[in-house]
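Here are my notes on the fold, as promised. Have the model open while you read.

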Amino acid sequence: MSRIGKMPVPILKGVKVEQTNGTLKVKGPKGELTLGVHRDLKVVVEEAQVRVERFSDEKEYKALHGLTRALIANMMKGVTEGFSKTLEIVGVGYKADPKGKGIQLALGYSHPILYQPVEGVKLECPNPTTIVISGPDKQKVGQAAAEIRGFRPPEPYKGKGIKYQGEHIRRKAGKTASGSA
């Protein structure tokens with residue numbers, strides 16, 4: 001039995017869970033999420049919890065068992081608390097400005113970059129060098145953060161670029177002056 005998969009997912013207060021034709025819908029105060037359940041797994045919705053059951057002990061189904069349970073737990077957390085990632089912009093002249101639902105980034109290129117998030121993802125700029133990405137879907141929040149970071153990943157010499165908050169950038173030594181003539 002999968003150690004993660006066998007644990008039931010508690011249904012949090014204010015969350016409504018529905019299952020129809022292999023699709024699980026979770027509604028809460030922050031939004032609504034859906035998950036397509038694999039045909040070889042069974043999701044049992046009870047009054048206070050959701051359980052995932054599998055019919056075979058093959059390696060593939062053990063992995064799907066834990067994955068499905070983790071995805072359901074993330075859906076529960078997402079519709080109640082939500083997920084967020086914070087990006088920091090490092091570099092002289094590098095900045096982010098809110099433009100409608102998206103942001104405009106100045107990252108040292110000859111042109112500004114306009115990024116529009118997918119539906120369900122919210123972008124905020126508390127200051128010009130910080131971007132906060134939030135939403136109920138953990139996968140969409142992480143993907144949006146990765147796409148924004150991909151515009152200018154941090155470089156190893158000066159550390160300029162876009163990095164996750166708290167991310168440590170390994171620095172390389174630059175050129176050294178040779179003393180011989």
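This is a predicted model: local features need pLDDT of at least 70, side-chain atom pairs count only at pLDDT 80 or more; totals for chains, interfaces and linings use all residues.

1. Numbering starts from 1 along each chain as its sequence is written, and side-chain values use heavy atoms, leaving out hydrogens and water.

2. Look at the open antiparallel sheet, with 3 strands in the order β2-β3-β4. Neighbouring strands are turned by 15° against each other on average, direction ignored. Strands here are DSSP runs of E, at least two residues, and helices are runs of H or I, at least four, numbered from the N terminus; pairing takes at least two DSSP bridges.

3. β2 pairs with β3 (residues 23-28) over 5 bridges, and T20 has T23 in β3 as its bridge partner.

4. Helix α1 (residues 59-80) lies across β2, β3 and β4, at about 170° to β4. Contact means heavy atoms within 4.5 Å; axes are lines fitted to C-alpha atoms, for helices over the stretch in contact, with angles from 0 to 180 degrees between N-to-C directions.

5. Further along, β8 (residues 95-99) and β9 (residues 102-106) run antiparallel, joined by 5 bridges, with P98 opposite I103. Their hairpin has 2 residues between the strands, and G100 in the turn has a positive phi of about 65°.

6. β9 also pairs antiparallel with β10 (residues 113-115), over 3 bridges, including L105 with I113. This hairpin has 6 residues between its strands, and G108 in the turn has a positive phi of about 85°.
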